[in-house]
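Here is a short walk through the model for a first look. Please keep the structure open beside these points as you read.

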Amino acid sequence: MNICVFCASSQTIDRKYVDLAAEVGTELARRGHILVSGGATVSCMGAVTSAARAAGGRTIGVIPQVLVDIEVADHDSSELVVTADMRERKGVMDARSDAFLVLPGGIGTLEELFEIWTSRVLGIHDRPLVVLDPWGLYEPLRAMVGHMYDEGFTRPDVFDAISFASTVEEAFAHLESRPQPVRPSVAELGEAAG
């Protein structure tokens, strides 16, 4: 299964968040999944990918050209996809992923979370979406969305479209809770195109 991990690129965060990302990368590879990430080498983004590779996993990095230009691209990725901009980056990450795992992060991570969450609520996709939040960073967000629900601004199933976890094990249990998709091989894709 291709699991997209959204996480922080900030280099001013507590080390525990970087360590959590590394733990996720190691566990993802141990379970035989492929990591889809933002394709950068900094902070949690770098930790999750380097840990996944160190554990024998395959990594797909997706990064806009502007970030390649400032030399944060993960050129060690099994596959590095360079996009024209941030919007294309999110589209490629979405298209290449079977499930989504959100780690603690900033406004960029929130943007990614809300886009995937909204499209799941709207029925555009039914892929698992899990937020791993061991230290309660997203608790105010949950309360805010709950208040939006109380005020009638969200659909009744808003919280049915997302799972929250406090441990890595719990997060992967949610991600793996449905049958895994059967992806065609590269050869099969080539035959279909020809």
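**Notes for a first reading**

1. Let us start with helix 6, which spans residues 139–150 and holds Met148; helices (H or I, at least four residues) and strands (E, at least two) are DSSP runs, numbered from the N terminus. Please bear in mind that this is a predicted model, where local features need pLDDT of at least 70 and side-chain atom pairs count only at pLDDT 80 or more, while totals for chains, interfaces and linings use all residues. Residues are numbered from 1 along each chain as its sequence is written, and side-chain values use heavy atoms, leaving out hydrogens and water.

2. Together with Phe114, Met144 and Phe153, Met148 makes a nonpolar surface patch of about 390 Å².

3. The largest nonpolar core has 33 residues, and Ile3, Val5, Val24, Leu101, Leu103 and Leu132 touch the most other members. Such a core is a set of buried Ala, Val, Leu, Ile, Met, Phe, Trp, Tyr and Cys residues joined through side-chain atoms within 4.5 Å.

4. Which helix gives the most to this core? Helix 1 does, with six residues.

5. Leaving aside neighbours within four places in sequence, Val5 is in contact (heavy atoms within 4.5 Å) with Val24, Leu28, Leu35, Val36, Ser37, Val48, Leu101 and Leu103. Another core, of 23 residues, lies apart from the largest one, and includes Cys4, Leu129, Ala161 and Phe164.

6. Strand 5 deserves a look from both sides. Ala99 and Leu101 point one way, Phe100 and Val102 the other way, and all are buried. As a rule, side chains in a regular strand alternate between the two faces of the sheet.

7. Strand 5 has parallel pairings with strand 1, over four bridges, and with strand 6, over three bridges; two strands pair if DSSP finds at least two bridges between them. Ala99 in strand 5 stands opposite Ile3, and Phe100 has Leu129 in strand 6 as its bridge partner.

8. Finally, have a look at Ser43 in helix 2. Its phi is near 50°, a positive value in a residue other than glycine. Ser43 is also buried, with a relative accessible area of 15%.

Key:
Buried means under 20% relative accessible area, exposed over 50%, partly exposed in between (1.4 Å probe, protein chains only). Patches are made of residues with over 30% relative accessible area and no salt bridge: like charges are joined within 9 Å, nonpolar side chains (Val, Leu, Ile, Met, Phe, Trp, Tyr) within 5 Å. Accessible areas come from the Shrake-Rupley method with a 1.4 Å probe; for residues, only the protein chains shown count as cover. A salt bridge is a side-chain nitrogen of Lys or Arg within 4 Å of a carboxyl oxygen of Asp or Glu.
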